Amino acid sequence: MVLLTGALTISLALNAVLLLSAGRRQQPSPKAATATSAPINDGTDPVANHCDDAVNLDVQQIRLRSSALIDGHRLRAGTSIGTITLRYSHQCAGAWARFDPADGLFEDPDEASITLGVGRPADGSQNTWRLGHIDQTYSDLLLTGMGCVQATATITVFDGNVTADGTTRCLPPMA
C-alpha cells in the first residue's frame, strides 16, 4: 500500500510539473514566424504577403488618347483620368503597379475597365490584371533583383471605345 501511494505521489508530482511548464510556453519570436511564411516570388500578392514597407518609385498620369464622354462630360484628348504608380518593397524585394482614378471623375465605375501590367524587360516576365470597372487596384509583384521593372495601365472607356494609358519608368534592379 505504501509503495502504491509513493508511485501515485510521484505520478501526481510529474503531472503538476508538466502542466506548469506547458502554461509557461513561450510564443515563437517574430523572426521565427517570418521564417515559416510563404516565399516571395514573381506573381506574389504584395498586400496579402505584408509588403508593408512599400514606397512609390514613380508616378505617371494616365491620359486619354482621344476625347471621351465620362459621367456626361466631354473630356479632351490628353486629359488625365488617373495615375499609375510603380510601388517597391525592400522587405519583399519586388515591385508592382497601382492604379488610382482621378478624384470625382468616375461617378459610375462601370463606364470603363482597367488593365494593369507590371513587366521586367530583362527576361520578358509580365503580370497582367484586368478589372471590369474603375476602382483603385494593384497588380501582383515581380522580383526586382533580375532587372528593372515597369508598370503600365490602360483604361478603356466604353462610350466610344476610347482608351487612356500611362507607363512608369523602368527602374533598375533593387535586390
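Contact here means heavy atoms within 4.5 Å. The model is a predicted one, so local features need pLDDT of at least 70 and side-chain atom pairs count only at pLDDT 80 or more, while totals for chains, interfaces and linings use all residues. Residues are numbered from 1 along each chain as its sequence is written, and side-chain values use heavy atoms, with hydrogens and water left out.

Setting aside neighbours within four places in sequence, T152 is in contact with I84, T115, L116, G117, G166 and T167. D165 is 13 residues away along the chain, yet its C-alpha atom and that of T152 are separated by 7.4 Å. T152 is partly exposed, at a relative accessible area of 31%; buried means under 20%, exposed over 50%, and partly exposed in between, using a 1.4 Å probe and protein chains only.

Next comes the strand pairing, where two strands pair if DSSP finds at least two bridges between them. Strand β1 (residues 55-64) and strand β4 (residues 80-89) run antiparallel and share eight bridges. Along this pair, N56 sits opposite R87 and V59 sits opposite T85. β1 is also joined to strand β11 (residues 162-167), again antiparallel, by two bridges, and here L64 faces A164. As for β4, eight bridges link it to β5 in the antiparallel sense, with S89 standing opposite G94. β4 and β5 form a hairpin with four residues between them, and A93 in that turn has a positive phi of about 55°. Because nine of its ten residues are buried, β4 is largely enclosed by the rest of the structure.

The packing can be described through nonpolar cores, each a set of buried Ala, Val, Leu, Ile, Met, Phe, Trp, Tyr and Cys residues joined through side-chain atoms within 4.5 Å. The largest of them has 29 residues, and I62, L64, I70, I81, I114 and I155 have the most contacts inside it. At least two residues of this core come from each of β1, β2, β4, β5 (94-101), β6 (112-120), β10 and β11. Another core, of six residues, lies apart from it and includes A54, C92, W96 and L141.

T44 lies in the loop between α2 and β1 and is buried, with a relative accessible area of 9%. The side chain of T44 reaches the backbone oxygen of N41 at 2.7 Å. Residues up to four places away aside, T44 touches P39, N49, D140 and L141. H50 is placed in the loop between α2 (30-35) and β1 too, but H50 is partly exposed, at 48% relative accessible area.

Most residues other than glycine have a negative phi. Against that background, H50 has a positive phi near 55°. D71, in the loop between β2 (68-70) and β3 (73-75), also has a positive phi, of about 55°, although it is not a glycine.

Notes. Polar contact = N/O pair within 3.5 Å; in protein donor to acceptor, adjacent residues only side chain to side chain.
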